[in-house]
Amino acid sequence: MKLIIAIVQNKDASKLQAAFVKNNIPETKLSTTGGFLRAGNTTYMIGIKDERVKEVLDIIKNISRTREQYMTPPVNLDGGISDASYPVKVQVCGATVMVLPIDNFYQF
């Protein structure tokens with residue numbers, strides 16, 4: 001068994017959850033915040049048999065998309081003129097996924 005921890009953008013979360021239900025993949029959904037943009041994310045924890053790991057990863061990869069969005073960098077406080085006050089385009093990862101081995105898995 002493996003534990004898949006997938007951190008995805010909130011924009012992809014509902015579509016991803018629907019795909020998990022459609023493919024009979026049990027998951028636990030957590031609301032999380034973090035990353036470079038301090039944006040809202042959704043973290044899925046999935047306990048799955050080894051032979052289904054690739055299936056789950058393919059679903060996540062097909063639904064979670066890398067995006068470009070604008071962010072305003074922090075203001076320069078030294079009083080100098082800086083271009084940093086203008087929004088800049090940054091690339092945002094679609095998903096961060098970790099696959100961990102599970103020694104024991106119980107459902108009560």
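Where in the chain do Lys54 and Asp58 lie, and how many residues apart are they? Both belong to helix H2 (residues 53–63), four residues apart, which is about one turn of the helix. Helices (H or I, at least four residues) and strands (E, at least two) are DSSP runs, numbered from the N terminus.

This is a predicted model, in which local features need pLDDT of at least 70 and side-chain atom pairs count only at pLDDT 80 or more, while totals for chains, interfaces and linings use all residues. Residues are numbered from 1 along each chain as its sequence is written, and side-chain values use heavy atoms, with hydrogens and water left out.

**Overall architecture**

The chain contains two helices and six strands, arranged along the sequence as β-α-β-β-α-β-β-β. Of its 108 residues, 28% are buried; buried means under 20% relative accessible area, exposed over 50%, and partly exposed in between (1.4 Å probe, protein chains only). Among contacts with a separation of 6 or more, 69% join residues 24 or more positions apart, a contact being heavy atoms within 4.5 Å. The chain exposes about 7600 Å², of which carbon and sulfur atoms supply 54%; accessible areas come from the Shrake-Rupley method with a 1.4 Å probe, and for residues only the protein chains shown count as cover.

**Salt bridges**

Side chains of opposite charge can pair when their charged atoms come close. A search of the whole structure finds two salt bridges, each defined as a side-chain nitrogen of Lys or Arg within 4 Å of a carboxyl oxygen of Asp or Glu. Lys54 pairs with Asp58, their closest N and O atoms being 2.9 Å apart. The other bridge joins the side chains of Glu55 and Arg52, with an N to O distance of 2.9 Å.

| Residue | Relative accessible area | Class |
|---|---|---|
| Arg52 | 23% | partly exposed |
| Lys54 | 57% | exposed |
| Glu55 | 29% | partly exposed |
| Asp58 | 31% | partly exposed |

**Aromatic pairs**

The structure holds two aromatic pairs. Rings of Phe, Tyr and Trp (its six-membered ring) pair if their centres lie within 6.5 Å; planes under 30 degrees apart count as stacked, over 60 as edge-to-face and the rest as tilted. The ring centres of Phe20 and Tyr44 are 5.3 Å apart and the planes stand at 80°, so this pair is edge-to-face. It links distant parts of the chain, with Phe20 in helix H1 (residues 10–22) and Tyr44 in strand S3 (residues 39–48), 24 residues apart. Phe20 is buried at 0% relative accessibility, and Tyr44 is likewise buried at 0%. Tyr106 and Phe108 form a stacked pair, 5.8 Å centre to centre with 10° between the planes; both of these residues are exposed.

**Nonpolar core and surface patch**

A nonpolar core is a set of buried Ala, Val, Leu, Ile, Met, Phe, Trp, Tyr and Cys residues joined through side-chain atoms within 4.5 Å. The largest such core has 16 residues, of which Leu16, Phe20, Ile46 and Val56 touch the most other members. Strand S1 (2–9), H1, S3 and H2 each supply at least two residues of this core, and H2 gives the largest share, five residues. Leaving aside residues up to four places away in sequence, Phe20 touches Ile25, Glu27, Tyr44, Ile46, Val56, Ile59 and Ile60.

On the surface, Leu57, Val97 and Val99 form a nonpolar patch with about 180 Å² of accessible area together. Patches are made of residues with over 30% relative accessible area and no salt bridge, like charges being joined within 9 Å and nonpolar side chains (Val, Leu, Ile, Met, Phe, Trp, Tyr) within 5 Å. Val99 lies in strand S6 (residues 95–101) and is partly exposed, at 37% relative accessible area.
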